[in-house]
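Dear colleague,

I am handing over the structure we spoke about, and I would be glad if you kept it open while you read. My notes on what was found in it follow below.

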Amino acid sequence: MDKPQDKSDPERTARKIVMDCADCDCCRPIMDESCLFFPELYRLYDQEVETGGKISPEELRELVDKCNFCALCPCPNIRADIIRAKTQFIERDGLKFGVRTVEDVERIGKICGALPGLSNRVLRSDLVGGMVKGAVGIHPERKLPEFPNESFPAWIRKKGLHVKPNTTAGRKVAYFAGCTARYIFPEVARATVEVLQHNGIDVYCPDQKCCGMPSFLEGDRDFTIKSVAHNLDVLSEAARDGYDILCSCPTCSFMLRNLLAEGAYYSIEYQQAAGADPKFIKVPAKPKPGESPQGKMGAFDKTIFKNIFKDEGYFSSLDPMKRVALAEKTFDVGEYLLHLQRSGDLKTDVAPVHGQAVYFPPCHQREQEFGQPYLELLGLIPGLKLEAIQGNLYCCGLAGVMGFKRDFHQASIKLGSRLIEKIREMNPERIVTDCLSCRLQFSQLLPYPVLHPIEVLKEAYQAAARDNRLKAQR
């Protein structure tokens, strides 16, 4: 992920993206229905070829703003250039008040969560709620979420989970819940904690900021780096103390172990720690299916790769060894639980949960390539008929806070229309997805209840406990 360099020329960066993609043309057929960015890029390029008129600076700006960083496209360098162009535009032209307001989900959650009843009534009001939407640039048709009576941070303080436990034995995890689970859907975060505790795992919920993805998407580098730096210090310390870092939000885990780690293995600090010699750059080798990744290293000739393999990306100003330590200890909750199940350590005292559900694996989960663990985990629950959405190019279209913006709302609905129609055809009793942004979009466009898979697993555990209590009373 390239670090912004020339504040004065975002158009040059955007122009480079157009020419690189036009020269390749790979995404013209494969991203035509699952993306807003590439169809517009090829439309602009074809128009320029046909008419001879150059793509305007305004069109270049609008083009890069269409990317929602779903990460479904095949070229990480193009995604990096898009973020670089967005960031350069913001550094030169500034960030709109409305965008600066809505990108800070944590601040919104804290303010509205202080008086949730009043906040919900005000935001539901056509008059006052409409004025609020207008002031911060939210589309008038976008439904605003309800703020809960108790946030997840308030709940963990009552439980004492914000204090690092004084324990050395057994499994222990530091849970990174993400802003949406902390302030809008705390039932998901509570379910995560309760499922982990049911399996005998010590849970610590450290102080945390936004993972940084909303501001990263908007080109607000200063806010992104500030949030990420805080999380990096806190979570890398937990990792050093033997905690696994767990995320129930796939976007958060994508940020912590993919984006944040980009380039860190090429840093001088890591190369010295890895014992690389003057001729080779050493990086961890990607394991083949079924292989253990531990200790396997790949070596690359410096004479060929020294100008390619460098830590000069978006997050290169942050300690590379902390970035590596965090990335290597971060797991998705489903991925972690499936590992327990396969080693025989997951409790399977589940009762039937009857119903027909459709499971949507979100974009950022698919990009991390750890499979679809919840399909196997929820398959342990009797009575649950679960059918997964097949295909790698489906996207809900919301892109977090982007879908709330006045100028992106309709585009987000268009982007998610294929997936929405697919779910309507399947006509489930409920939708199950890991991504809470997808949950917001599905709640906007579909009549079905939406759950995180960890909530379904908790439901099965609770049903079994209830059955056991009834049996004991007989």
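**The sheet under helix H24**

Helix H24 (residues 453–473) lies across E7, E8, E9 and E10, running at about 110 degrees to E9. Please bear in mind throughout that this is a predicted model. The four strands that H24 lies across form an open sheet in the order E8-E7-E9-E10, and their pairing is parallel. Strand E8 (384–388) and strand E10 (450–451) stand at the edges with a single partner strand each, so one side of each is left without a neighbour in the sheet. Within this sheet, strand E7 (residues 355–360) runs parallel to strand E9 (residues 430–433) and is joined to it by four bridges; if you want a place to look, Phe360 stands opposite Thr433 in E9. Helix H22 (residues 409–426) also packs on the sheet, where it touches E7, E8 and E9, and its direction makes about 160 degrees with that of E7.

**A second sheet**

Another open sheet of four strands has the order E2-E1-E3-E6, again with parallel pairing. Its edges are strand E2 (202–204) and strand E6 (330–332), each of which has a single partner strand, so that one side of each is left without a neighbour in the sheet. From one strand to the next, the twist averages 35 degrees. Strand E3 (residues 244–247) pairs with E6 in the parallel sense over three bridges, and in this pair Leu246 stands opposite Phe331 in E6. Helix H12 (residues 186–198) packs on this sheet and touches strand E1 (172–176), E2 and E3, with a direction that makes about 175 degrees with that of E1.

**Two helices packed together**

Helix H1 (residues 10–24) packs with helix H5 (residues 76–93) at an angle of about 160 degrees, and their axes are 8 Å apart. Because an angle over 145 degrees counts as roughly antiparallel, H1 and H5 are therefore roughly antiparallel to each other. The crossing in which H1 passes H5 is left-handed. Among the residues that meet are Ile17, Asp20 and Cys21 in H1, and Ile82, Ala85 and Phe89 in H5; by class, the contact has eight nonpolar, two polar and six charged residues.

**The chain as a whole**

The secondary structure of the protein chain comes to 24 helices and ten strands. Its C-alpha atoms fill a box of roughly 85 × 65 × 40 Å along the principal axes. The radius of gyration is 23 Å, which agrees with the value near 23 Å that a compact globule of 474 residues would have.

Conventions:
Residues are numbered from 1 along each chain as its sequence is written. This is a predicted model: local features need pLDDT of at least 70, side-chain atom pairs count only at pLDDT 80 or more; totals for chains, interfaces and linings use all residues. Side-chain values use heavy atoms; hydrogens and water are left out. Axes are lines fitted to C-alpha atoms, for helices over the stretch in contact, and angles run from 0 to 180 degrees between N-to-C directions. Angles under 35 degrees count as roughly parallel, over 145 as roughly antiparallel, 65 to 115 as roughly perpendicular and the rest as oblique. A crossing is left-handed if the near helix is turned anticlockwise from the far one by less than a right angle, and right-handed if clockwise. Contact means heavy atoms within 4.5 Å. Ala, Val, Leu, Ile, Met, Phe, Trp, Tyr, Cys and Pro count as nonpolar, Asp, Glu, Lys and Arg as charged, and the others, Gly among them, as polar. Two strands pair if DSSP finds at least two bridges between them. The radius of gyration is taken over C-alpha atoms; the globule rule is 2.2 Å times the number of residues to the power 0.38.
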